[in-house]
Structures are given as C-alpha cells and as structure tokens.
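This report describes the fold of a single chain and the surroundings of its annotated site. The sequence and structure are shown below.

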Amino acid sequence: APSDPDLVQRAAAAKAALGERVFVLGHHYQRDEVVQFADVTGDSFKLARDAAARPQAEYVVFCGVHFMAESADILTGPDQQVVLPDLAAGCSMADMATAEQVEQCWDTLTALAERDGRGIERVIPVSYMNSSADIKAFTGRHGGTICTSSNAERALRWAYEQGEQVLFLPDQHLGRNTAIRQLGFAPSDCVLYNPYKPNGGLTDAQLREAKLILWRGHCSVHGRFTEQCVDEVRELIPDVNVLVHPECRHEVVQKADYVGSTEYIIKTLEAAAPGTAWAIGTELNLVRRLADAHPDKRIVFLDKSVCYCSTMNRIDLPHLVWTLESLVAGKVVNRITVDPETARYSRLALEQMLALP
Ligand code: 13P
Ligand code: SF4
C-alpha cells in the first residue's frame, strides 16, 4: 500500500529539522516507506562499515534489526546515540544462539581439548553478524572474527590460518555453504552442534575431527526456499537465472546459478542484460524493489509462499515518524546501548572483520 502522505510529510519535516544531527541507516530488507528516508542503504557489512561515517551526527537511527543497532553502537563514537525505531525488531536467527548456550559449548570443547592434551587455541570462533553483542564479545575474547554474508569466505580462510578448527555461529547454512562452495570442504568435514543436546548431540570423535562445527541456527525467511521452488521456476521460465542468498539451505544453493549477499544480488541485477529473467531467493521487500527498479528485466520471487522478514517489517513509517519527532523534541526513544565490557570484546571481533584482507 502507498504510504500515508501525512506521515511522509511529517518524517521529511522532522528529518529536515534535525539536519546533520541525525544519520539514518536502512538495511535492504526495510520497507520502501522507510528506505526513502535512509541516508545510506546497505547489506549488513556496508551498514557496519558506514555506521560511523557521520561522526558529527548525535543520533544514528538504525532501520534494521536489533543486532545491527547493537553493532552500530559498538562502532560509533561515545557521543553518538543509536536508536532502533521499534524495539521488537529482533532476529529469530540471532536468538538461536544465547550467551549461556555458547559458553556451555565452549566449555565442552575446552574439556575435550584438555582430555586430548591439546590447547583450545586451535578452535577459532567465527560468528555471523546476525548474533547478539554477547556472542560477538565471546568471539572477540577467544581470538575470532565476525563475518557477514559478503565476507564469510575471507573470514573462514583467515580463521584457518589462526587455528585448525572453526566454531561457526549461529547460521549453519552460511557456514556450510561457504565451506563447501568456496573452501572446497566435503560435507563430512562439517558437523552440526545442537545446543539443546549434551555434547551438542555429537560424539567426542565427531567433535574432535570435524574441521567445521556448525551451530544449529538458521534464518526463518531464507530457510523456507526449497529445491522444489527452484525446479518449478526453471520449468516455468526455462532461461531463468536463479540468484539466492547464502542463508538458504545447501540443496537450494547448489541448484542456484548465483549466490551472494543482498549487496551482491543488487549489483548482479544492475549488471544483467536487458531481457534476462531472474528468480531471486531473498527477502520480499528487496525483491519487489528490484523488480520496480529494473522494468527491462523479468524479476520474480523464488517462492510465492515466502513473505517478508516479519521483524525487519516492524520498522514502519509510523515508528520512524515517532522516533524522528521525539528527537526533534529533544527526547531520545528506544536507545540501544551495549555495556562497556561487552562492547570492548565485540569491537575486537568486529574490527577483525573490518580488517580482513
Ligand atoms: P546481508 O545483509 O549480509 O545480505 O544479510 C541478510 C540478512 O538476513 C540480514 O539480516
Ligand atoms: Fe534475521 Fe532472517 Fe530476518 Fe535477516 S531475514 S533479520 S537473518 S530472520
């Protein structure tokens, strides 16, 4: 539905009144009505890199989900305040790895290393951006790195230069897809750690020998694309190019023609020849926007039954207007802060990512 013209006008007025004091960041999965007010749009990596790009801005309004706003708070200056227009905008994948579960997993791995007479230093944690600040701090404390879907290969290669085994949190699909497609691992090099079972549901031998320990987490949006979706769209549009996000299941990624982050998906379509056909396996707000932006190409959604990311969609125009108007009135609402100790170690892991070759 088109956005309420009154709210559009109010958002524009509030943003103009704040001028350089506010910096609005928008993830590619945000609604059109929100994206129109973003100073910068990007994938998770670009937004982490750009969060501190306007140091004179007192307020950084993050139109995305909670873990992204936390990272922005960690990466911005001490005088900058990060605001998330709706505090209920979380991420179900990030919630699949709690600090307690991850510490328990680490204790299990440490005890095993001790029994084997080896150091735990051989295990390097690599955590996907889509995780809480606690998990990022855990990663930094143990010499690991954060990655996003646009640098997971470089992060894994770096990690195997530091140690022998990687604990990848929390997205099993990004970890598995990157290891198999880009590092040439065999599926049997990877094991799946289930945090709800003792020893992760694995034997000591499995835990000891795996090159890659994948946490049992996934994205509820990308997890819904199936092999059948790919088969059906190929039948319907024989010359279609299938382009999917690496949060999709391995079987789906294997059947696709192109795989990459949201920023990669956007660039691939910009470079595509007119008249070509594309089926896109990622969140629907982005796919809709891409279809509108490229009327010369046929762009379809990979699966009609998959809908929006419900938590990304919580950030809507009414919440943005409320946030901006509150700031104009001198009231900071929904501020996201990370405690200094957590921020210190999270920053180590985030800076390691930003420094990846
Ligand atoms: P990217 O922004 O890295 O493409 O990740 C997509 C996503 O699911 C963010 O929550
Ligand atoms: Fe989380 Fe998936 Fe939504 Fe991204 S798309 S915020 S990973 S649930």
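Leaving aside its neighbours within four places in sequence, with which residues is Cys219 in contact?

## Surroundings of Cys219

In this predicted model, Cys219 is in contact with Met93, Asp171 and Glu247, once neighbours within four places in sequence are set aside. Cys219 sits in the loop that runs between strand 9 (212-215) and helix 10 (227-236). Because 24 C-beta neighbours fall inside 10 Å, Cys219 counts as buried.

## The annotated site

According to an unreviewed UniProt entry, the annotation "binding site" covers Cys91, Cys219 and Cys309. These residues span 219 residues in sequence, yet no two of their C-alpha atoms are more than 9.4 Å apart, so they gather at one spot.

Cys309 is likewise placed in a loop, here between strand 13 (298-301) and helix 14 (317-328). Cys309 has 24 C-beta neighbours inside 10 Å and therefore counts as buried. Residues up to four places away in sequence not being counted, Cys309 touches Tyr29, Val221 and Glu283.

## The chain as a whole

The chain contains 15 helices and 13 strands. Its radius of gyration is 21 Å, close to the 21 Å that the globule rule gives for 357 residues, so the chain is as compact as a globular protein of that length. The C-alpha trace spans about 65 × 55 × 35 Å along its principal axes.

Of the 357 residues, 46% count as buried. Among contacts with a separation of 6 or more, 67% are between residues 24 or more positions apart.

Notes
Residues are numbered from 1 along each chain as its sequence is written. Chains are lettered from A and ligands numbered from 1 in the order in which they are written. This is a predicted model: local features need pLDDT of at least 70, side-chain atom pairs count only at pLDDT 80 or more; totals for chains, interfaces and linings use all residues. UniProt positions are given in the numbering used here, feature names are shortened, and annotations may be inferred rather than shown by experiment. Helices (H or I, at least four residues) and strands (E, at least two) are DSSP runs, numbered from the N terminus. A residue is buried if 20 or more other C-beta atoms lie within 10 Å of its own, exposed if 12 or fewer, and partly exposed in between; C-beta atoms are placed from the backbone. Two residues are in contact if their C-beta atoms, placed from the backbone, lie within 7 Å. The radius of gyration is taken over C-alpha atoms; the globule rule is 2.2 Å times the number of residues to the power 0.38.
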